[in-house]
Amino acid sequence: MKYDVCVVGSGAGAGPIIYELSKAGLNVVVLEKGPWLKTEDFSKDEMVATRRSVYTPNLKDECHVLVKKNAAGKWMRQSTYSSGRDFWNGNVVGGSSNFMSAYFHRLKPVDFRLKSEFGPIEGANIADWPIRYADLEPFYAKTEEIVGVSGKVVQHKHQEPRSTEDFPYPPLSENVFSTWLDSAAERLNYEIFTSPRGILSQPKEARKSCYYSNYCGSYGCSSDAKGSSRAALINQALETGNCTLLPNSKVFHLETNGNGAVVKANYYDINGDKQFVEANTFVVAAQAIETSRLLLMSKNEDFPNGLANNSGNVGKNLVFSGGGVGSGQLFFEDLTQEEAEQIKTPGVFINRASQEWYVIKDAEFSDTPVKGGTIDFVSEHANAVTKSIPLKWDDDGKLVFGSELKEKMHSYFTEQRKFKFEIFVDWLPNDNCFVELDDEVKDKWGDPVAKIWLGYHDHDLKVGEYLAEKAEELFKEAGLQNVRSNISGSVSPNLQAGGCRFGNDPNTSVLDKNCKAHEVSNLYVTDGSFMPTGGSVTYTFTIYANAFRVADHLVQKLTSS
Amino acid sequence: MQTEEQWLLSRKKFVTSLLLGGAALQLPWLTSCQDRRYFHGDTTPLSNHQFKVLQALQGTLFPSDGNGPGAYEINADTYLLWVLNDDLLDPDENQYIIDHLDKFDAFAKERLMYSFYDLNPREQQVVIEDASETTWGKRFLSRILTLIFEALLVDPQYGSNPDGVGWSWLEHDPGSPRPEESHLYPTILTLSHEV
């Protein structure tokens with residue numbers, strides 16, 4: 001059977017394509033590398049969610065090779081199997097959207113024209129987007145409605161324009177600490193607001209509302225409140241009867257016909273046997289690193305450097321999210337008993353963010369305006385083993401054990417709560433951050449793994465540190481102790497984009513403004529790969545919105561033809 | 001990295017072990033012994049000597065001191081045996097633990113002439129303090145502690161943390177739903193729905 005559309009991957013970049021095209025009556029086949037786990041398969045088992053490779057491949061079978069600069073400035077390579085540093089994010093139907101924390105901030109108009117607004121920065125490959133915020137805005141609104149976003153629009157100096165007055169779902173329930181942050185911000189004259197979340201605060205069709213389990217990020221949702229691609233989109237696409245879902249199907253090569261069109265997706269099935277599907281149109285959304293890897297692996301006579309890579313741009317300008325984290329503690333002995341009980345309330349969210357410094361206009365920092373970022377305020381994750389591990393070290397890095405360790409653990413769990421802030425700034429695209437195929441390490445099928453260069457720009461650190469200083473001030477004002485932060489160029493593997501940037505010039509970009517490959521007539525890429533710059537927020541909301549935008553284009557194109 | 005053939009073989013071995021109910025994946029046996037200080041079960045892959053060193057080491061790192069459960073009460077020893085028998089984990093990392101149990105015991109003998117488990121509590125503490133000053137000792141003891149934390153705080157269905165004693169001590173809410181037996185690691189890895 002030849003399908004109308006073949007989609008590689010099933011996460012946030014794939015879900016809107018699968019949903020919209022299936023509903024439009026097109027025959028869609030989805031090739032997902034991982035298994036199909038349903039809502040009833042998820043539980044709050046820390047062993048499964050974080051202590052073992054269950055939702056991600058075993059690194060013995062599939063790893064990455066990371067290339068980083070060491071302290072002496074020399075580039076060093078190491079496989080993630082060797083280091084234990086896992087770069088996978090969720091290989092199941094619905095992808096890593098099953099396990100996201102779902103902070104859903106939109107990009108802002110300045111993010112679409114970073115180079116024009118702020119000028120070039122030496123050593124950074126900044127490029128304006130080929131579309132504007134106004135082009136994406138309707139699809140942010142659509143995502144809010146269909147995937148389900150809760151929150152409350154609060155006007156602030158960098159609030160982006162909206163076509164709807166407010167989010168379709170009211171804010172989730174909050175911890176009392178949120179109001180303490182509000183008061184502290186008011187005293188400091190800082191703007192903070194309720195964070196939008198891709199989590200339902202009220203039921204939506206078959207999906208239930210959030211039940212405040214206390215285990216959100218890294219865990220699959222047991223009520224379907226979280227707006228994963230699986231729960232929000234793919235389940236409904238399957239109901240149309242037009243969508244064929246093939247889990248445990250790992251695509252390793254896209255085959256072209258000699259005339260610049262893809263005709264087959266070759267994949268390994270669960271037994272490791274080679275299979276293929278044929279389709280008229282192909283959409284790749286395997287998450288940025290694996291998408292670039294697949295295109296680079298899909299070499300042939302017409303594309304000797306990899307599919308859609310005669311310009312040499314595939315894999316280049318990979319971006320992550322710059323910034324870092326900080327924390328502070330509240331000790332119950334400093335609170336009334338009533339306050340302590342309120343703070344202890346499990347499950348409810350902090351849900352506060354600040355974009356006061358999304359653009360920094362501070363003469364002491366820079367003579368000209370500088371792109372800043374977002375601060376999200378969150379609770380420490382409830383994962384008990386993860387919380388315990390740092391406690392085995394004292395402040396000097398010496399091992400703590402015995403009764404001293406037990407007392408420290410008991411005190412940490414029962415006498416205080418830790419709150420955190422997460423800082424998101426642009427990861428400037430640069431020549432030292434990219435994906436290529438590794439020459440030595442192969443995966444379990446014998447294919448080369450992705451080799452990821454993790455170079456960052458020092459500018460990211462300066463901006464991150466500026467925001468961290470502001471966040472620390474707010475935490476101290478709110479009464480927290482032991483306030484500290486860490487800004488670095490280390491990477492959060494779950495925040496990856498770029499590698500197939502879109503643009504109007506085929507010489508400098510892989511995709512056109514509709515996310516179709518310049519060099520291939522029927523190949524689209526709809527995960528975060530398209531982004532020339534990442535903005536200063538987490539990516540999932542924008543990936544969803546852009547995939548709905550491309551889906552709109554594809555429905556018009558494919559149904560009219 | 002493994003070849004495809006090696007991977008298929010290890011996969012087959014894993015599935016077979018599930019079907020046959022191999023010892024490594026049978027969790028209830030871990031809790032069936034009433035007094036594991038005189039554990040008569042199979043300590044594979046550890047020798048009886050290595051297992052006694054492990055028990056003494058865990059008991060000093062996480063003692064039964066009246067402040068919550070100790071390593072003994074949470075079945076940290078048999079939990080670690082389960083980890084060492086897990087074919088899906090990095091075999092080099094598991095062999096590292098076994099090798100370093102020997103190295104640690106040799107270190108104790110070098111310092112105080114006796115095997116670690118024959119030392120008195122104060123001496124055991126000193127040996128651990130001294131070992132933690134070395135690069136190898138710091139890493140090894142850190143690894144053992146992480147596995148004690150797992151034994152203390154993972155779901156009781158894994159054979160440790162009986163009746164949630166670790167959760168109760170730390171007033172920890174583990175969330176819901178709890179996993180069904182069919183959805184525990186590693187069985188969940190065989191699960192995938194079909195259209």
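Colleague: Where in chain B of this predicted model does Pro45(B) lie?
Modeller: In this predicted model, chain B has a helix H1 that covers 4-20 and a helix H2 that covers 48-61. Pro45(B) has its place between these two elements, in the loop between helix H1 and helix H2.

Colleague: Which residue is joined to Pro45(B) by a cis peptide bond?
Modeller: The peptide bond in question has an omega of about 10° and is cis.

Colleague: What is omega for the peptide bond from Tyr185(B) to Pro186(B)?
Modeller: Pro186(B) is found in the segment after helix H7 of chain B, a helix that covers 165-169. The peptide bond that leads from Tyr185(B) to Pro186(B) is cis, and its omega is near 0°.

Colleague: Is Glu205(A), which has a positive phi, buried or exposed?
Modeller: Glu205(A) is not a glycine, and yet its phi is positive, at about 50°. Its place is in the loop between strand E5 (193-194) and helix H7 (229-239) of chain A. A residue counts as exposed when its relative accessible area is over 50%. Because the relative accessible area of Glu205(A) is 63%, this residue is exposed.

Colleague: What is the relative accessible area of Glu171(B)?
Modeller: Glu171(B) sits in the segment after H7 of chain B, and it has a positive phi of about 50° although it is not a glycine. Glu171(B) is exposed, and its relative accessible area is 53%.

Definitions and conventions
Residues numbered from 1 in each chain as written. Chains lettered and ligands numbered in written order. Predicted model: local features only at pLDDT ≥ 70, side-chain atom pairs only at ≥ 80, totals over all residues. Heavy atoms only, no water. Helix = DSSP H or I, 4+ residues; strand = E, 2+ residues; numbered from the N terminus. Buried < 20%, exposed > 50% of the residue type's maximum accessible area, 1.4 Å probe, protein only.
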